[in-house]
Amino acid sequence: MLGEFVVRAWPAVLIAWVAAVVCATIAAPPLERVAQTEEFAFLPADSPSHLSEQLFRKAFPDGFVPSRIVVIATRESGITPEDEDFLDDSVDEAEHQVTHPDRKFELYEQLLHLQQEQENPEHDEAKIISGIRTFRDPNAGELLKSDDGKARLILVDLTTEFMDGRNRTPVGKIEAILKSEEFAKAIPEGLTVQLSGEATVGRDMINAAKDSAKATEWLTFILVLILLGAIYRSPALAFIPLVTVVVAVQLSMSLLILLASHQWVILFQGIESYVAVLMYGSGVDYCLFLIARYKEEIDAGVSYDEAVSNSVTKVGAAIAASAGTVICGIGMMIFAKFGKFRDAGVAISFGLTIVLVASLTFTPALLRLTGKWAFWPQLRTERVSGGWISSTSLWSRLNEIHWLQNTWEIVGRALLKMPMAIWVASMLLMLPFAIVGVLFYSHLSYGLLSDLSVNSPSVQGTEAVRNHFPAGATGSITVLLKNDDVDFTDEATGFAWIDELTEAISTEEKRSELQLADIRTVSRPLGGKEERILDMAAGGRRRVAMQKSLEYYVSSVNHPTHVTRLEMTAELDPFARDSIEQLTRLEQEIKRLLPNELKSKTEILVSGSTASIRDLKSVTDQDQVRIDLLVVVSVFFILVLLLRRVALCTYLILTVLFSYLVALGATYTFFWVTDPQFAGLDWKVPMFLFTILIAVGEDYNIFLMTRIDEEQRKHGPVKGVIEALSKTGRIISSCGIIMAGTFASLCAGSLKGMIQLGFALAFGVLLDTFVVRPILVPAYLVLLHSGRFGKFGTWLGGPPVEPAAPVDTPSSM
């Protein structure tokens, strides 16, 4: 019915698609307006780090700093007084607002101007900077001076998360100041000023994701165009799948943005890369299968109308089943707790549904529109092959060389002779990579800096910070202690308990064990930079120090005097994998050191980059197990529903699972060998690789098994397998090459996580296309139907198909 409808109403179908794309594109706002950019905002609301942040905001409303921009100034020979005056020449340090009236340029004054500019109604969208602290701050300025005397920090506190898109405004403005001509003329010779901090890292991540998305889309388009041109050698046949997918991608993204603008779905920065790549790969595959059947119908001598209708009739169900497998498999990601995985599952499944509909309606309508011109320069007429090109011409003879099909005919003959030897050899060659995949399955990188190019401003600035300050200075650890029965301002009880805890952790041995560079609490507000308050002699200095420390470290609202905070600087990079274990040890040690009367009722909550990454690892590890199981079960159910042979479907699932481990191991090995700074695969790679490979792998198996069932009825159980391999070899191989090419386009960007995922997916698809689908599956079926499994054959694949008259050689498509 669908085929007949498209043939009758093809002009209306084309107009409807074009109109839908135009209207949706005009109505949709830019993706940047609706996309969420915060990484940790996708964590579940009950994550410990979120709960800690909520308590922090309540107990210290003016003290919570979600992210900051760090300005670091360095001089190898040591910071001079002139350098300090250039950075901050404040006269009244108590007020910290009055600057030197005669100096033409002062960095702090320029930053202060940015903060004051926020009060201007014209800049209402830029109210992000909440405060600026320099090394001349009377309270904590000493903490911003390096011990080696070669560096100074200026902290620009923000009210936004580190990957909030609005951070690009203040980071960009500060960057513009550092690159200005006025700055270059005023900076003392030999002084270097760079940017670092979480907000700068987030800005670079957003920019890299955006640039990667553009590069990926363009490279995908070019690769698909080249591959289609090489396969078809007919411009129209190459452009028809490409136009179909471009229309589907544009419509899908526009509709998703419209849904996101009404808060019906959630999108994140970079989602367009995942959606476009999957839609290009899958959509072109569907079009290739449809066009291949269309050419078969034309070669059989039917009219163009009949060819279009018959093509949709004969392969439409297989395409729909194949797409359903991919959509259902990837759709299982909606059960993830981590919001980014869940939202990716929704967006990708939505896009694949659109491209499926386009392949079954828009593509046939284009074929009907182009008619015989689809095959130019090999023009054909209805029912009679022929045209402008002579059948004896060089072009015609070149066009008849189907090396891929000939290859699979050779493989088919080899499988008939020695199926077991080929199966064992293939498995042994892949086994080492599968072992690597199992051993390093959880060896993942959660570092944000490791995902950026070494030329990124934030990476260079962070390296400068690490050279003069502890690595943890780029993201301190905040520990909150909450006990409604304890008054932390009471010098005899709560205050004294915190002082004992501080002293216990501050010993050289304990700091080394916990890998801490410094600890600051209500009893030691400046950590190792100043003596304990309790050691100060009674008098005005002690009272002032006590008052300032209580105001900063003990809550005064919501939970007055019952919440205190401990701030710690670790020796480890807060984004490093080892920092997660260090944070857990720190929590356990704090709990152990608390007095027995406090342990049962004291809540210990930790916030900071490392705490958020720990939650990210915990949630995604659980998601990996849950989604892997759901994907396997759902795809297996679809296979059983289609093939109705449980044992065979089990084997098909196991082959794809094995190829996933091989792809994971090969990817880990490749980047371990080629990347000197390799710290493990990006944490997103295993999830997306598993979900996509399982779904796409079974996608190709469905096409193969559908054709095997058809050919076995004509040629018998064994010959039918080889015949199906020969007839589907060229088209499935072409699909696999194009799918791998689209995934490889993810390597066009600068984000290492995307590059790793692109490599893994391309390798996995090629492995499935040229090893699993044409060797492991047919070899098993040949062994099964030739009786090699004996009485176990029924258990391993069900009863064989009744043989028909044997056919000596596989026919060509």
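**Helix packing and buried residues in the predicted model**

The axes of helix 23 (residues 609-643) and helix 24 (residues 646-674) approach within 9 Å and cross at roughly 140°. Helix 23 is therefore oblique to helix 24; angles count as roughly antiparallel only when over 145 degrees. The crossing in which helix 23 passes helix 24 is right-handed. On the side of helix 23, the contact is formed by Gln 624, Val 632, Val 635, Phe 636, Leu 639, Val 640 and Leu 643. Helix 24 contributes Val 646, Cys 649, Thr 650, Leu 652, Ile 653, Leu 657 and Tyr 660 to this contact. Grouped by class, the contact of helix 23 with helix 24 comprises 12 nonpolar residues and 2 polar ones, with no charged residues. These results, like those that follow, refer to a predicted model.

The chain as a whole contains 28 helices and 10 strands. Of its 813 residues, 58% count as buried. Among contacts in the chain with a separation of 6 or more, 78% are accounted for by residues 24 or more positions apart.

The largest nonpolar core has 176 residues. Within this core, the residues with the most contacts are Leu 267, Ile 319, Ile 330, Phe 743 and Leu 781. When residues up to four places away in sequence are not counted, Leu 267 touches Leu 31, Val 34, Ala 35, Gln 36, Leu 256, Ile 257, Ala 260 and Ala 347. Another core, of 37 residues, lies apart from the largest one and includes Ile 69, Val 70, Leu 144 and Phe 469.

Met 253 is located in helix 10 (residues 235-261). Its relative accessible area is 12%, and because buried means under 20%, Met 253 is classed as buried. With neighbours within four places in sequence left aside, Met 253 is in contact with Glu 272 and Val 275.

Ser 282 is placed in helix 11 (residues 271-299). With a relative accessible area of 0%, Ser 282 is likewise buried. Leu 352 and Met 739 are the residues touched by Ser 282 when those up to four places away in sequence are not counted.

Conventions
Residues are numbered from 1 along each chain as its sequence is written. This is a predicted model: local features need pLDDT of at least 70, side-chain atom pairs count only at pLDDT 80 or more; totals for chains, interfaces and linings use all residues. Side-chain values use heavy atoms; hydrogens and water are left out. Axes are lines fitted to C-alpha atoms, for helices over the stretch in contact, and angles run from 0 to 180 degrees between N-to-C directions. Helices (H or I, at least four residues) and strands (E, at least two) are DSSP runs, numbered from the N terminus. Angles under 35 degrees count as roughly parallel, over 145 as roughly antiparallel, 65 to 115 as roughly perpendicular and the rest as oblique. A crossing is left-handed if the near helix is turned anticlockwise from the far one by less than a right angle, and right-handed if clockwise. Contact means heavy atoms within 4.5 Å. Ala, Val, Leu, Ile, Met, Phe, Trp, Tyr, Cys and Pro count as nonpolar, Asp, Glu, Lys and Arg as charged, and the others, Gly among them, as polar. A nonpolar core is a set of buried Ala, Val, Leu, Ile, Met, Phe, Trp, Tyr and Cys residues joined through side-chain atoms within 4.5 Å. Buried means under 20% relative accessible area, exposed over 50%, partly exposed in between (1.4 Å probe, protein chains only).
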